[in-house]
Amino acid sequence: MAVRKPGLIALFDVDGTLTAPRKDVTPKMLEFMRELRKVMTVGIVGGSDHSKISEQLGKTVIDDYDYVFSENGLVAHKDGKLIGTQEIINFTLHYLADLDIPIKRGTFIEFRSGMLNISPIGRNCSQEERDDFEKYDKVFPQGWDKTYCLRYLDDFNEIHFFGDKTYKGGNDHEIYESERTIGHTVTSPEDTIEQCKALFLANP
């Protein structure tokens, strides 16, 4: 009978790793993930929100995996239960309020189609004030990428991450390069299965 190894977890990107890009997960992958969970803890970390991850991996996704991190971990589930959430609007407003910058002019957050535009000095500033602000252009918190989910995994001393966009500029790059993870680049869901078999399911 398989026994789970303590302190070991594998994290998986969704698109290009567990599924073909923007496609639903296959029965073969679902079955493989069930087998993998018998020997180790398994988590999902995706940039999409929970509803989109559910569309691809199934409505029972938070019960099918030990951890599910949507929006890069801003929303975190463990064993089917919500364990953490970071409401970006409130966080940003609080963060901006505490910033020590010389000018704040209003309209700090602007909703656009599919995105938020955040301006620490406010979009009501003049062009001269905007130019002066350039020296402060690195005032936002680092780590709002997939490494954000790692704050929930302090109990693990061996964290493997599998993703397809691990190159610089890809949305898997930061967590792939993190000193806390062992990164693996995959080329397809089939490659994910083969690499995991060799690493975790090979006969001793």
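What follows is a list of stops, each with something to select and something to look at. Keep in mind as you go that this is a predicted model.

**Stop 1: the loop between β1 and α1**

Start by selecting Asp-13. You'll find Asp-13 in the loop that runs between β1 (8–12) and α1 (27–36). Is Asp-13 buried or exposed? Its relative accessibility is 5%, so Asp-13 counts as buried.

With 25% relative accessibility, Asp-15 counts as partly exposed. Why pick these two? Because an unreviewed UniProt entry lists Asp-13 and Asp-15 under "active site". The "binding site" annotation, again from an unreviewed UniProt entry, covers Asp-13, Asp-15, Asp-164, Tyr-176 and Thr-181, so select that set too if you want to see where the record points.

Stay in the loop between β1 and α1 and click on Arg-22. Check the backbone here: Arg-22 has a positive phi of about 60°, although it isn't a glycine. Arg-22 counts as exposed, at 76% relative accessibility.

**Stop 2: salt bridges**

How many salt bridges does the structure hold? There are 10. As background, side chains of opposite charge can pair when their charged atoms come close.

Go back to Asp-13 and show Lys-146 with it. The two form a salt bridge, and their closest N and O atoms are 2.9 Å apart. Lys-146 belongs to the loop between α5 (127–133) and β8, while Asp-13 is in the loop between β1 and α1, so this pair ties together parts that are 133 residues apart in sequence. Lys-146 counts as buried at 2% relative accessibility, and Asp-13 counts as buried at 5%.

Next, select Lys-5 and Glu-158. Their side chains meet in a salt bridge (3.8 Å, N to O). Lys-5 lies in the segment before β1 and Glu-158 in strand β8 (residues 158–163), so the pair ties together parts that are 153 residues apart in sequence. Both residues are partly exposed: Lys-5 at 47% relative accessibility, Glu-158 at 24%.

Lys-197 counts as partly exposed at 38% relative accessibility, and Glu-194 is partly exposed at 47%.

Before moving on, select Arg-4, Arg-37 and Asp-66 together: these residues are linked in a network of salt bridges.

**Stop 3**

Switch to a surface view and colour by charge. Which residues gather in a patch of negative charge? Asp-24, Asp-49, Glu-55 and Glu-71 do, on the surface. Zoom in on Glu-71, placed in the loop between β3 (67–70) and β4 (75–78). Glu-71 is partly exposed, with a relative accessible area of 32%.

End at Asp-79, in the loop between β4 and β5 (81–85). Asp-79 is another residue to check for its backbone: its phi is positive, about 50°, although Asp-79 is not a glycine. Asp-79 is exposed, with a relative accessible area of 52%.

Notes. Residues numbered from 1 in each chain as written. Predicted model: local features only at pLDDT ≥ 70, side-chain atom pairs only at ≥ 80, totals over all residues. Heavy atoms only, no water. Patch = residues over 30% accessible without salt bridge, like charges linked within 9 Å, V, L, I, M, F, W, Y side chains within 5 Å. Areas by Shrake-Rupley, 256 points an atom, 1.4 Å probe, with all protein chains shown as cover. Salt bridge = Lys/Arg side-chain N within 4 Å of Asp/Glu carboxyl O. Lys, Arg positive; Asp, Glu negative; His and termini not counted. Charge placed at Lys NZ, Arg CZ, Asp CG, Glu CD. Helix = DSSP H or I, 4+ residues; strand = E, 2+ residues; numbered from the N terminus. Buried < 20%, exposed > 50% of the residue type's maximum accessible area, 1.4 Å probe, protein only. UniProt positions renumbered as here; feature names shortened; annotations may be inferred.
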